[in-house]
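Trainee: Hi, could you walk me through this structure? I'd like to know what to look at.
Mentor: Happy to, let's bring it up.

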Amino acid sequence: MAEKPKSVLLPVLAAVVFAGLGRMVVQKIKADRAVRADRESKVAGPVDEKTRAWISDVVRTPRQ
């Protein structure tokens, strides 16, 4: 009996899909890290006592 030739289309297609999903995961991780680094870099510096008192006053008093 003659053997059937094996198709390589399915394994190649599976490899392409797997590589695409892996690339999407890597992009998502990089984007999350960039957002986190950007958020952490915008931390305010030291605040003097006068500014700290003004912020506290503004936050505690209701708007009119």
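Trainee: How many salt bridges does a search of the whole structure find?
Mentor: This is a predicted model, and searching the whole structure turns up one salt bridge.

Trainee: Which side chains meet in it?
Mentor: Asp32 and Lys28, with 3.2 Å from N to O. Both residues sit in helix 1, which covers residues 9-41. They are four residues apart, about one turn of that helix.

Trainee: Is Asp32 buried, partly exposed or exposed?
Mentor: Asp32 is partly exposed, because its relative accessibility is 35%, and that class lies between 20% and 50%.

Trainee: Switching topic, what's the secondary structure overall?
Mentor: The protein has two helices and zero strands.

Trainee: And what share of the residues is buried?
Mentor: Buried residues account for 0% of the 64 in the protein. The protein exposes about 6900 Å², with 64% of that coming from carbon and sulfur atoms.

Trainee: Which residues form the nonpolar patch on the surface?
Mentor: Val47, Trp54, Ile55, Val58 and Val59, and together they have about 480 Å² of accessible area.

Trainee: Where does Ile55 sit, then?
Mentor: Ile55 is in helix 2, residues 49-60. Its relative accessibility is 38%, so Ile55 counts as partly exposed.

Key:
Residues are numbered from 1 along each chain as its sequence is written. This is a predicted model: local features need pLDDT of at least 70, side-chain atom pairs count only at pLDDT 80 or more; totals for chains, interfaces and linings use all residues. Side-chain values use heavy atoms; hydrogens and water are left out. Patches are made of residues with over 30% relative accessible area and no salt bridge: like charges are joined within 9 Å, nonpolar side chains (Val, Leu, Ile, Met, Phe, Trp, Tyr) within 5 Å. Accessible areas come from the Shrake-Rupley method with a 1.4 Å probe; for residues, only the protein chains shown count as cover. A salt bridge is a side-chain nitrogen of Lys or Arg within 4 Å of a carboxyl oxygen of Asp or Glu. Buried means under 20% relative accessible area, exposed over 50%, partly exposed in between (1.4 Å probe, protein chains only).
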